[in-house]
Amino acid sequence: MKLYHSPTSPYVRKVMVTLDLTGQLGEVELISGSGTPLAPNDATIGANPLGKIPCLIGDSPIGEGGVAIFDSRVICRYLDHRAKAGLYPEGAALFPVLTAEALADGITDAGLLATYEWRLRPEAIRYQPWVDGQVAKIGRGLGVLEQTDLVLSGSINAAKIAAACAIGYIDFRFPDLGWRDGCPKLAAWYAEFAATPAMKATVPVG
Ligand SMILES: N[C@@H](CCC(=O)N[C@@H](CS)C(=O)NCC(=O)O)C(=O)O
């Protein structure tokens, strides 16, 4: 398999952690795929018309002929299916995990949109209330994860991976947010999860 990758993307990190935890890390070749809407990456666009990473070029049976698989939620579910790892429960228990994964990814989305605002938008046309609205989403989302048992306890699942990568990204881009004060259980859970080898190997830098 081939993975369009960046060391700072929280969505790529979900995939890397999933590859590691499911014993598939050695089966993927990483291809540099970073880009932005203002400076798209041609190689990534060749695989994913949206120009977004992660994008996985799968293998048999899904990817025969090099079919691309995106976005991170689809890739993680594919990798779980491929390894029969059980990161997504069977039956009705699946839906709370998918919803918690979507919530965690939504926190990441809000962090990325706020980051793009100050990194990509010229200063003269930045709109602070819009950034504030994204930061408010992050705060509300973390507040709900603080109450989400399937993240805070129990066996590993896809929502835990997404939550950890979301928090890692928020800490990376918004180190002064102070979210731990209102979310002590989530902070304690994250401290433990962040110390695992799969997380330590993928800490964003840059
Ligand atoms: N929903 C997507 C989001 C992926 C995403 O936005 N990736 C960013 C990097 S962190 C990207 O490639 N941005 C480039 C662009 O928007 O053109 C996922 O879960 O994979």
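**Notes on the ligand site and the backbone**

1. Tyr116 places a polar side-chain atom 3.0 Å from a nitrogen atom of the ligand. Keep in mind that this is a predicted model.

2. In the side chain of Ser72, an N or O atom is 2.6 Å from an oxygen atom of the ligand. Ile53 takes part through its backbone: a polar atom there is 2.8 Å from a nitrogen atom of the ligand.

3. How much of the ligand's accessible area does the protein cover? On its own the ligand has 510 Å², and the protein covers 87% of that.

4. The ligand takes up the space of the largest pocket. Which elements give two or more residues to the shell around the ligand? They are α1 (10–21) and α4 (94–120).

5. Now the shell itself. There are 14 residues around the ligand. Those that come nearest are Lys52, Ile53, Asp71, Ser72 and Tyr116. Sorted by class, the shell holds 7 nonpolar residues, 5 polar ones and 2 charged ones.

6. Please check the peptide bond between Ile53 and Pro54. The bond is cis, with omega at about 5 degrees. Pro54 sits in the loop that runs between α2 (42–47) and β3 (55–57). Ile53 is also among the residues that come nearest to the ligand.

7. The peptide bond from Phe70 to Asp71 is cis, and its omega is near 5 degrees. Asp71 belongs to the loop between β4 (68–69) and α3 (72–83). Asp71, too, is one of the residues that come nearest to the ligand.

8. Lys84 is placed in the loop between α3 and α4.

9. Last, the aromatic rings. How many aromatic pairs does a search of the whole structure find? The search finds 2. In one of them, Tyr169 and Phe172, the ring centres are 6.4 Å apart and the planes meet at 55 degrees, so the pair is tilted. Both residues lie in helix α7 (residues 158–173). Tyr169 and Phe172 are 3 residues apart there, about one turn of the helix.

Technical notes:
Residues numbered from 1 in each chain as written. Predicted model: local features only at pLDDT ≥ 70, side-chain atom pairs only at ≥ 80, totals over all residues. Heavy atoms only, no water. Near = heavy atom within 4 Å. Polar contact = N/O pair within 3.5 Å; in protein donor to acceptor, adjacent residues only side chain to side chain. Areas by Shrake-Rupley, 256 points an atom, 1.4 Å probe, with all protein chains shown as cover. 1 Å grid on protein atoms, 1.4 Å probe; cavity = no way out; pocket = protein on both sides within 12 Å on 5 of 7 lines; lining within 4 Å. Sits in = over half its atoms within 2 Å of the grid points. Helix = DSSP H or I, 4+ residues; strand = E, 2+ residues; numbered from the N terminus. Nonpolar A, V, L, I, M, F, W, Y, C, P; charged D, E, K, R; others polar. Phe/Tyr/Trp six-rings, centres within 6.5 Å; stacked < 30°, edge-to-face > 60°.
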